[in-house]
Amino acid sequence: MGMNHTIQQLSVFLENREGRLDEVLNVLSENDVNIVALSLADTSDYGMLRMIVSDPNKGKAALKEAGITSMLTEVVALRVPHAAGSLSKAMHQIVEGDVNVEYMYAFANGNDAAAVLKSDDPAKVVKILRESGFDVYSADEAYHANC
């Protein structure tokens, strides 16, 4: 985190059963952990809940205390202007930099939007984007977006 402008994403494997998502969200709520961005992907057996939250370490600890396994993952939150082609231009730079993007999801933040990227080399993604004129959110900005 910090100077390289990567952020921590809180991820939870969810069994595909009734009430499991509600349980995770309730634990975070009861511990005053705000969800800034969220992505939920599922299969027939399980789901993967990925979140940018106001305090990733506090969220992980609260979930652990409730018996819910979670993990923190280093990701990049790219600041994208609301203009046609902005994301395409940024992604082109990443591809040209020979970095693989494993997954991505987005959230709006005032006049800008953010694309959260998981790659095999987050620090390299930040370097490529910044050298190409794009900006990335710092941890403080990302964890408190729209607050």
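Modeller: Let me start with a term: a residue is called exposed when its relative accessible area is over 50%, buried when that area is under 20%, and partly exposed in between. By that scale Glu 131 is exposed, because its relative accessible area is 59%. Please keep in mind throughout that this is a predicted model.

Biologist: What does the side chain of Glu 131 meet in a salt bridge?

Modeller: The side chain of Glu 131 meets that of Lys 127, with 2.7 Å from N to O. Both residues belong to helix 4, and because they are 4 residues apart there, about one helical turn separates them.

Biologist: And how many salt bridges does the structure hold?

Modeller: The structure holds 8 salt bridges. One of them joins the side chains of Arg 20 and Glu 23, at 3.1 Å from N to O. These two residues sit 3 residues apart in helix 1, which covers residues 20–30, so they too are separated by about one helical turn.

Biologist: Is Arg 20 buried or exposed?

Modeller: Arg 20 counts as buried, because its relative accessibility is 8%.

Biologist: OK, what about Arg 79, which residue does it form a salt bridge with?

Modeller: Arg 79 forms a salt bridge with Asp 135, and the closest N and O atoms of the two are 3.2 Å apart. Arg 79 lies in strand 4, residues 70–81, while Asp 135 lies in strand 7, residues 135–136, so this pair ties together parts of the chain that are 56 residues apart in sequence. Arg 79 counts as buried at 18% relative accessibility, whereas Asp 135 is partly exposed with a relative accessible area of 29%.

Biologist: Changing topic: how many aromatic pairs does a search of the whole structure find?

Modeller: The search of the whole structure finds 1 aromatic pair. It is formed by Phe 13 and Tyr 46, whose rings are 5.9 Å apart from centre to centre, with 65° between the planes, an edge-to-face arrangement.

Biologist: Where in the chain do Phe 13 and Tyr 46 sit?

Modeller: Phe 13 is in strand 1, residues 7–15, and Tyr 46 is in strand 3, residues 46–53, so the pair links distant parts of the chain, 33 residues apart. Tyr 46 is partly exposed, as its relative accessible area is 40%.

Biologist: Now the surface. Which residues gather in a patch of negative charge?

Modeller: That patch on the surface is made up of Glu 74, Asp 98, Asp 120 and Asp 121. Asp 121 is found in the loop between strand 6, residues 112–119, and helix 4, residues 122–131, and with 33% relative accessibility it counts as partly exposed.

Biologist: And where is Asp 98 found?

Modeller: Asp 98 is in the loop between helix 3, residues 86–96, and strand 5, residues 101–109. At 69% relative accessibility Asp 98 counts as exposed, and its phi is near 65°, a positive value in a residue other than glycine.

Biologist: What is the phi of Asp 32, then?

Modeller: Asp 32 has a positive phi of about 55°, although it is not a glycine. This residue lies in the loop between helix 1 and strand 2, and it counts as exposed because its relative accessibility is 64%.

Biologist: Which residues form a nonpolar patch on the surface?

Modeller: Leu 21, Leu 38 and Leu 40 form that nonpolar patch, and together they have about 240 Å² of accessible area. Leu 40 has its place in strand 2, residues 35–42, and it is partly exposed with a relative accessible area of 44%.

Technical notes. Residues numbered from 1 in each chain as written. Predicted model: local features only at pLDDT ≥ 70, side-chain atom pairs only at ≥ 80, totals over all residues. Heavy atoms only, no water. Patch = residues over 30% accessible without salt bridge, like charges linked within 9 Å, V, L, I, M, F, W, Y side chains within 5 Å. Areas by Shrake-Rupley, 256 points an atom, 1.4 Å probe, with all protein chains shown as cover. Salt bridge = Lys/Arg side-chain N within 4 Å of Asp/Glu carboxyl O. Lys, Arg positive; Asp, Glu negative; His and termini not counted. Charge placed at Lys NZ, Arg CZ, Asp CG, Glu CD. Buried < 20%, exposed > 50% of the residue type's maximum accessible area, 1.4 Å probe, protein only. Phe/Tyr/Trp six-rings, centres within 6.5 Å; stacked < 30°, edge-to-face > 60°.
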